Amino acid sequence: MDKEELWQAVLAQIQFGVSRANFATWFRNTKILSKKDGEIIVSVPNSFSKEWLSSKYHNTILKILRNLDNGIKIINYTVQLEKPSRTKSKSISKKREELEINQLSFNEFKIDQETNLNPIYRFDNFVIGSFNELAHAAAWAISDNPGLVYNPLFIYGGVGLGKTHLLEAIGNRIVENFPKKNVKYVPAERFTSEIVRAIREHEIENLKTKLREIDVLIMDDAQFLAGKEKTQEEFFHIFNTLREANKQIILSSDKPPKAIPALEERLRSRFEGGMIADISLPDFETRMAILKAKCEEKGIELHSDVLEYIVSNIQRNIRELEGALNRLLIFKKLNNKSPDIDVVKKLLSNLINFPARSTTYKKIVQAVAQFYDLKGGDLLALTRRKEIVRPRQIAMYLLRFELKESYPSIGRKFGGKDHTTAIYACEKISKELENNESLINEMGLIRQRIYSESL
Ligand code: ADP
Ligand code: MG
């Protein structure tokens, strides 16, 4: 068996054991570079695939190879850029020049007029880990077969964790694979204002006709439909028309359909009628992988101390991870060298040095109220309204467990209630958190808000 055949055989076997999406991500553009004295050198297109193959797939690959050829003893992985001839003999200054040009052209990417998609969001620059694996796999499947697999696809997760990136990647890939399909990306807020404008200008029929011609409708941040009754009504009809014609609908939101307040029941049940996939929080390893991929993309090399410092301190938001890296890039541009750990600590001090996990009573109440689309005052008032009771119990629980407040003090804060009410609330929520997946999710999303900088 020559090395091409050998690798084809390996790939063919691996394909059975991994999802199509992961297969495409990790094994695209890999090959056996050489096979000599029991050593196989596998070439991979970037250091990120190298890390994944050598850490997660190494044993599988080795086993398959040994079954095919028992003389094989070790495998090494090496990064070969996709256009090796161009990068090999390049001088440093040339590289730097190119980096600057890349950055310029990066900013020059234009949003497509027809589809409203931004071409920078693609699958090949979307890093997969266990936190987003399901959402990614569903997204990938849909872009292979729009309208035919999961419809609608509803993706939810906290701020800055890749919802928009994934939605746009689906759109961009469908445009590439099916150039005739009419794809539209629209944030819910924009959709709402278009509906409102069309009604005002007596153009709603026109707009509806246009919307019915869409093959793939991508609506980002659907939580903003909350409370917009007229928009929800129009959207409901468009949704049904598209869905019945097997046109693909993709939605994102910062919370699951159940938790979107003031959403008509019939729309909620439509949102739940296809596939719901969440994006949770990336673990340390995945954050590291993402940061390394971004470093590579932006042409900066950072010491492992620095990588570790960033990844340990920025945990809840990939956009903040990118923000940190951008600061280091500017430093590099001005000083022609990568910053060392001491410099990095200074550069990122206002991103990172807010006391770890600090929060306040006010922040908690505000975050819970915002999440459930209530006013802070509603939570604190003396009322038994159903839509308030539960968020209030959640707020009490958080006060207890995030701030270690005493039960009597919690009771006093929430409308002068007895401490037994506070105990009851905390116990009820704790108990539910043992097995109620959707509550666990909601709690994670609320915590993310509590500890995010913007509140
Ligand atoms: P959201 O819409 O969930 O708030 P975005 O999709 O805007 O988040 O992501 C925030 C930033 O993080 C974007 O620049 C995006 O490209 C990047 N990002 C998010 N998830 C990933 C990922 N899995 N791999 C690479 N970059 C990511
Ligand atoms: Mg977004």
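**Close-up views of a predicted model**

**View 1. His-202 sits in a loop that links two helices.** In this predicted model, the loop with His-202 runs between helix H8 (188-200) and helix H9 (204-212). Look at the backbone here: His-202 is not a glycine, and yet it has a positive phi of about 55°.

**View 2. A cis peptide bond joins Asn-151 to Pro-152.** Follow the backbone from Asn-151 into Pro-152 and you will find omega near 0°. Where does Pro-152 lie? Its place is the loop between helix H6 (133-144) and strand S4 (153-157).

**View 3. Ligand 1 is surrounded by 17 residues.** The closest are Val-127, Gly-160, His-165, Lys-294 and Glu-322. Sorted by class, this shell holds six nonpolar, seven polar and four charged residues.

View 4. How much of ligand 1 does the protein bury? Taken alone, ligand 1 exposes 560 Å², and the protein buries 93% of that.

**View 5. Ligand 1 takes up the space of the second largest pocket.** Two elements each give two or more residues to the shell around the ligand: helix H7 (163-177) and helix H14 (318-335). Now step back to the domains. Why does ligand 1 lie between domain 2 (110-279) and domain 3 (284-352)? Both domains give residues to the shell around ligand 1, so the ligand lies between them.

Notes:
Residues are numbered from 1 along each chain as its sequence is written. Chains are lettered from A and ligands numbered from 1 in the order in which they are written. This is a predicted model: local features need pLDDT of at least 70, side-chain atom pairs count only at pLDDT 80 or more; totals for chains, interfaces and linings use all residues. Side-chain values use heavy atoms; hydrogens and water are left out. A residue is near a molecule or strand if one of its heavy atoms lies within 4 Å of it. Accessible areas come from the Shrake-Rupley method with a 1.4 Å probe; for residues, only the protein chains shown count as cover. On a 1 Å grid over the protein atoms alone, a cavity is a set of points where a 1.4 Å probe fits but cannot get out, and a pocket is an open set with protein on both sides within 12 Å along at least five of seven lines; lining residues have an atom within 4 Å of a point. A molecule sits in a cavity or pocket if more than half of its atoms lie within 2 Å of its grid points. Helices (H or I, at least four residues) and strands (E, at least two) are DSSP runs, numbered from the N terminus. Ala, Val, Leu, Ile, Met, Phe, Trp, Tyr, Cys and Pro count as nonpolar, Asp, Glu, Lys and Arg as charged, and the others, Gly among them, as polar. Domain bounds come from an automatic or database domain assignment.
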